[in-house]
Amino acid sequence: MIIRKLQLKNFGRFQNKEILLKEGINIIYGENESGKSTIHSFLQSMFFGIKRMRGKASKTDTYTKYTPWEQAGWYEGSITFSCGEKQFRLERKFQKSGEDAVLFCESDGELLSVKDGDLDMLLGNLSEIVYRNTVSVGQAKSTTEEGLYKELRDYLADFQGSGDMRFDPERAIEILKQKRKIQEKKEADAAKKKEQEEEKLQYEIQYEKREIEHIRQKLRELESYRESIKREETEEKQGKQERRQEKINGQKKWRILGMAGLLVFLLMVILQKFPWYSILIWLVFLAAEEVVFSSHKKEESAIDQEPEQEALLRMAKLEERKKMFRENLQEHSLRLENLQEDYQESREHREEILACRKEIQALSEAENRIRAAAANMQNQTGGLLQKKMSEIFAQLTEGKYKQLFLDEDFSVHLDTGEKCLDLFQVSFGTAEQVYLALRLACGEILCREEKMPLILDETFAMYDEKRLSNTLRWIGGRYPQILLFSCNRREINILEEMGIPYHLISL
């Protein structure tokens, strides 16, 4: 990619500012506060838009920092660049209501879509994180930001594998974690539901057992009551039989006496001691006595029948209640049997819980495998990055340091050929060169699809003359376009001394 023209229509301090750029080295020269950083931020904003912050952070975010000084409602710009053999123009409006981006191919007059990814394709699918950490170096930002190593590792994992650049181990692990949490919650909910169901079944089973025992107790009481009724009835019958026998015996005595008296009267009449009608009187007396005895017998028979009928009625009611309790006992027994079967079935069938556990186990296994693969990728990433860094750094330092080493945390160590040094043991200028080598190496790895312009904003402030000369010579022969922002003329003088052509833009 070659950037041809910048038009800051209304961005920060600039209004209708046009900057023409060329291939090779472009030096944007100006004093402090002349707008160099504004132009640098404009480039990034045009390619990736401006993300607005919320709350207190919005007061110091990029959007607020570069809000136009005049006519704040008019906030826009455009950039013209070439990719391959075609030239494009990208226009953006940074309004509060929302950004509006237009991508136009000037070579064939075609209107493209930023929303559908046409700009991403022209940028080689370069992310903003990679852009900020490789080809775009801001003021006092020679070190890389958090997120670069993740992008680098994930890219290399794809590049060494399928090459489609879409696999993200950390994202995959995060997705698996979320899925595992969902399954764990689902398992917990299913287990809780199952526990509640089984507790309910146990409660109902205990209730039915208590009811069955209660009914059986009632039946035992009714049976005991029935036996007591029978005993009472038997005892009552025996008492009545004894009393009846006593009455019969008494009646027999009276009849015998009556008959004896009648015989005496007959004898006396025969002997003419009494008149004959005295016999008639005695017969009438005997007849009356028989009538009285018969009446008493009927009354006693009626009285005897009343307790028997009452006993029969009580027994009938008792049997009816027993029948009702037996039916209830049968119903509760059947229900108890069904509940016990349901409980046993519930204990044996836990398909949903087992399925969740199986899924959790599978997700955990997948997480472990991806972590192992990611660790292996990191080792491979570190090896490739270390090789490229060492090559670049050796050229920048003219072979003073033989090799750079990266540990598992991507910390840098330098090999002088005699001993290995940590980064804090070298000078600040050397450390700056190490960080630049790291950025450039990452850029070569991550920007393979489209060679982006190298943007350096006051990057060489801590470089001595020799370091600066070596660095300018190396990047000048390696990048098709370089945008170098500077507030002094050191870079200009060194380029002229080395005879390296450059394009100067004075602010």
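This is a predicted model: local features need pLDDT of at least 70, side-chain atom pairs count only at pLDDT 80 or more; totals for chains, interfaces and linings use all residues.

Reader: What makes strand S1 and strand S4 a pair?

Author: Two strands pair if there are at least two bridges between them. Strand S1 (residues 2-11) and strand S4 (residues 76-83) are joined by 6 bridges, so they count as a pair, and they run antiparallel.

Reader: Which order do the strands of the open sheet have?

Author: The order is S2-S1-S4-S5-S6-S7, 6 strands with antiparallel pairing. Neighbouring strands are turned by 15° against each other on average, direction ignored.

Reader: Why are strand S2 and strand S7 called edge strands?

Author: Strand S2 (14-20) and strand S7 (110-112) each pair on one side only.

Reader: And what lies across S1, S2, S4 and strand S5?

Author: That is helix H1 (residues 36-48), which runs at about 100° to S1.

Reader: Why is Asn16 called exposed?

Author: Exposed means over 50% relative accessible area. Asn16 has 59% relative accessibility, so it counts as exposed. Asn16 lies in strand S2, and has a positive phi of about 50° although it is not a glycine.

Reader: How do you know whether Glu33 is buried or exposed?

Author: The same way of reasoning applies: buried would need a value under 20%. Glu33 has a relative accessible area of 70%, so Glu33 is exposed. Glu33 lies in the loop between strand S3 (24-29) and H1. Its phi is near 70°, a positive value in a residue other than glycine.

Note on methods:
Residues are numbered from 1 along each chain as its sequence is written. Side-chain values use heavy atoms; hydrogens and water are left out. Helices (H or I, at least four residues) and strands (E, at least two) are DSSP runs, numbered from the N terminus. Axes are lines fitted to C-alpha atoms, for helices over the stretch in contact, and angles run from 0 to 180 degrees between N-to-C directions. Contact means heavy atoms within 4.5 Å. Buried means under 20% relative accessible area, exposed over 50%, partly exposed in between (1.4 Å probe, protein chains only).
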